Amino acid sequence: MRKFIVAAAASSALVLAFGAAAPAGAAEQAAPPEPGVFVTNGDHVHISSTAPATASAHGWWKKISGPGTKAKVTIELQALDYRDNKWKTVATGSKTVKSGGGSVNRANARKTCTNRVMQVKWRSRIDVDLIGVADSPEKAITATKTLWCGAF
C-alpha cells in the first residue's frame, strides 16, 4: 500500500510518504521498513544573474523523518511551446545531495535564452529519489512564471 501526502504551498512543495503494507497472513515476516517522509521543493524559474541571459531553476529536498540521508535530485526546466501549447523539457540537471537545500545541497538546470524579445511561460519539475530507500514516483512542479526569455 502506498501513501502519498501532498501539501500545497506557494513554493509548490510536495510532501511524499512511501511505504508498503504486509500481506495478509505475513505476521511472521519482518515488518516493512519505515517510509521516508520528505519535502520536495524548488524555486521559481528566473533569469540568472550571470551572463549570458539564462532561465535557471533549482531543486532540493528536506527530510522530515525516516531513513535516508542523501537523495538524487533531478530537475527538468520546462517551457511552454507556443507552437503546440505543450510543455517541453529544454534542460535537465541532477545532483546527489544531503537534505536541506542551500547553494550546496541542490540541483540546477539552466537554458540560455534564444532571445529576449518574446515572453515564454516557464516551470520546473523536480524528482527526488532517496538513496537506498523506496519512495514514490511523484514529481513536484513549480508555479508557472512568464519571462522575457525565448526557449526555442
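**Strands, core and loops**

Tutor: Glu76 is found in strand 5 (residues 70-81), where strands are DSSP runs of E with at least two residues, helices are runs of H or I with at least four, and both are numbered from the N terminus. The model is a predicted one, in which local features need pLDDT of at least 70 and side-chain atom pairs count only at pLDDT 80 or more, whereas totals for chains, interfaces and linings use all residues. Residues are numbered from 1 along each chain as its sequence is written, and side-chain values use heavy atoms, with hydrogens and water left out.

Student: What is the mean pLDDT of the chain?
Tutor: The quantity is the predictor's confidence in each residue, on a scale from 0 to 100. In this chain 78% of the residues reach 70 or more, and the mean is 83. Over residues 1-27, however, the pLDDT is below 50, and beyond near neighbours in sequence this stretch has 56 contacts in the model, a contact being heavy atoms within 4.5 Å. The chain mean asked for is 83.

Student: How many helices and how many strands does the chain have?
Tutor: Read along the sequence, the pattern is β-β-β-β-β-β-β-β-β-β. The count is therefore, under the DSSP run definition, zero helices and ten strands.

Student: Is Glu76 buried or exposed?
Tutor: Buried means under 20% relative accessible area, exposed means over 50%, and partly exposed lies in between, with a 1.4 Å probe and protein chains only. Because its relative accessibility is 14%, Glu76 counts as buried.

Student: Which residue's side chain is joined to that of Glu76 by a polar contact of 2.6 Å?
Tutor: A polar contact is a pair of N or O atoms within 3.5 Å; within protein, one must be able to donate a hydrogen and the other to accept it, and residues adjacent in sequence count only if both atoms are side-chain atoms. Not counting residues up to four places away in sequence, Glu76 touches Thr89, Ala91, Thr92, Arg123, Ser124, Arg125 and Lys139. The side-chain partner in the 2.6 Å polar contact is Arg125.

Student: Which residues touch the most other members of the largest nonpolar core?
Tutor: A nonpolar core is a set of buried Ala, Val, Leu, Ile, Met, Phe, Trp, Tyr and Cys residues joined through side-chain atoms within 4.5 Å. The largest one has 24 residues, and those touching the most other members are Val45, Trp61, Val73, Leu77 and Trp122. Strand 4, strand 5, strand 6 (86-98), strand 7 and strand 8 each supply at least two residues of this core.

Student: Why is the pair of Phe38 and Trp61 edge-to-face?
Tutor: Rings of Phe, Tyr and Trp (its six-membered ring) pair if their centres lie within 6.5 Å, with planes under 30 degrees apart counted as stacked, over 60 as edge-to-face and the rest as tilted. A search of the whole structure finds one aromatic pair. The ring centres of Phe38 and Trp61 are 6.1 Å apart, and the pair is edge-to-face because the planes stand at 85°.

Student: Where does Asn115 lie, and is it buried or partly exposed?
Tutor: Asn115 is in the loop between strand 7 (107-112) and strand 8 (119-130), and its side chain reaches the backbone nitrogen of Met118 at 3.2 Å. Leaving aside neighbours within four places in sequence, Asn115 is in contact with Trp148, Cys149 and Gly150. Because its relative accessibility is 24%, Asn115 counts as partly exposed.

Student: Which peptide bond is cis, with omega near -5°?
Tutor: Pro52 has its place in the loop between strand 3 (46-47) and strand 4. The cis bond with omega near -5° runs from Ala51 to Pro52.

Student: What is phi of Asn85?
Tutor: Asn85 has its place in the loop between strand 5 and strand 6, and it counts as exposed because its relative accessibility is 58%. Its phi is a positive value in a residue other than glycine, near 60°.
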